[in-house]
Amino acid sequence: MAEATVITDPLTAAADRLKMLTKVMTTKAAIAQTPKELVWTLNKAKLYRYIPVLPKEKRHRIPLLLVFALMNRPYILDLRPGHSFVEYMVNEGYDLYLLDWGAPGPEDKHLKFDDYTLDYMPRAIRKLKSISGVEEFSLLGWCIGAILTTIYAALRGDEGLRNLILLTAPLDFSNKQDLTFARWTDERYFDVDKVLAAFGNMPGEMIDYGAKALKPVENYVGNYVKLWDNIDDPRIVESWHAMNSWVTDNVPLAGGVFRQLIVDLYRNDKLMRGEFVIRGERVDLSRIRANLLTVIAEGDHITPSCQSEPIMSKVSSADKELFRVKGGHIGIMAGSGASKNTWPHIDGWLGPRSQ
Amino acid sequence: MADDPTRDAKPFDPMEPWRGMRDIYMDAWGKTMVDMVNSEAYAQASGAMLDSYLTISAPFREAIEKAMLKTLEQLAMPSRADVVSIAERMTNIEMRLDDLDAKLDKIQRLIVQAGVAPRPQPGKAPQPSKKTKPAKKGKK
């Protein structure tokens, strides 16, 4: 009987591991748990206000609005308790708002940067001002969200924008050699109109494939090998589960925005060259006067640093800082080191400028 | 009692050398693949594949769309275009409502500033969360 136990134990352990593997790969982790209230909606967009945990006299006066990318869910900013930027900032006393763009449907295929920056953002900001009772505010944009906030800051920055934080901002598209996406979407190989005629919006699965294909072995093999190696470590499994839940929750990108992104930005670098036009208004980056913090991820393969650095010399902000942090495109905000590096730096910069 | 020096030592894992080899191989494989996807040839090949897929599937997509449209018409049900049109109109209505909301906010602010009306009660802004004990059940 004792021998039987010895033989069964490794089998039981293997079965348990397989069970755990199946569970984390087929279920969604409990994410985005910081208490919040829905305060405004328009079409698919939603504005949330996080419930403050500090009394008003201990909070920062200027509210902060988080704007994430259009083709991913914004809850990466609030991944799980204890590992959430949102939770961290609420605990530090910020009056925090999050703009969730939602998933565009077929009726939204015409939506462009113009609509997001001149219809949706100003309306959400008006609501934010109305609730907070403060005319000034700070904006934090991440990835495509940083393009949106930059455009907004250039066109409507004089409407109370005090501080602008750009995370891994893809703004400069002149260095084609270092941009794999630019090569893939070159007009010789990629017919953007044909793709949009077939799908309307750019499907989330195709965007996901594009992001993962930049590092195919790491994303399609290494990621799962890492999970298998650490399947007995609940801490790592929990973290992997939460991140996988986010990565596999894809959102399509509105056709109009996708076309502008490829044709106007990736191919013609219009934003940096000062030729990008939004509803007849030229986006002049020198009109940005808000205090500016640009955060660059040194290991970012999606937005290399050459895309984020040049904005520093284009803006008119007297108070500006470039902060480099070790990590990847997502890792700098959601990785294990984020709470020790990126978050405290953002808080340290924003806190004194939010009084 | 003397401490056993082997007590805290990591037990021998026969798979460890294999894992090391695997990681070295995957690292090399990963670098090769990154170089490959960064090449002009990959961009050309993936573009050609996507283009072929779109060209081949276009007639099927069109046929399905036409058949679906006819079926919905015969069943007296709205088509995708009808639903899209309603959704667009709904968004326009939402925008008008938002404009009205903005105007009302402005009027309210002006009234408060002019001191014509008493200061309105604070809005629905959430207050700091308080840990509350669950309500005790009353005795029946």
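In this predicted model, A:Arg49 stands opposite A:Tyr97 of strand S4(A). The pairing behind this position is that of S2(A) with S4(A), residues 96–100 of chain A, and the two strands run antiparallel with four bridges between them.

Strand S2(A), residues 45–50, is also joined to S1(A), again in antiparallel fashion, by six bridges. Here A:Leu47 of S2(A) has A:Trp40 opposite. S1(A) and S2(A) form a hairpin with two residues between the strands, and in this hairpin A:Asn43 adopts a positive phi near 55°. The two pairings are set out below.

The contact between the chains draws 35 residues from chain A and 31 residues from chain B. On the side of chain A that touches chain B, at least two residues each come from strand S1 (36–42), helix H3 (113–132), helix H5 (180–184), helix H6 (192–199) and helix H8 (216–229). Which element of chain A gives the most to this side? H8(A) does, with five residues. By kind, the residues on this side of chain A comprise 19 nonpolar, five polar and eleven charged.

Chain B is assigned two domains: domain 1 covers 17–77, and domain 2 covers 78–118. The C-alpha centres of domain 1 and domain 2 of chain B are 42 Å apart.

Notes. Residues numbered from 1 in each chain as written. Chains lettered and ligands numbered in written order. Predicted model: local features only at pLDDT ≥ 70, side-chain atom pairs only at ≥ 80, totals over all residues. Contact = placed C-beta atoms within 7 Å. Nonpolar A, V, L, I, M, F, W, Y, C, P; charged D, E, K, R; others polar. Domains from an automatic or database assignment. Pairing = 2+ DSSP bridges.
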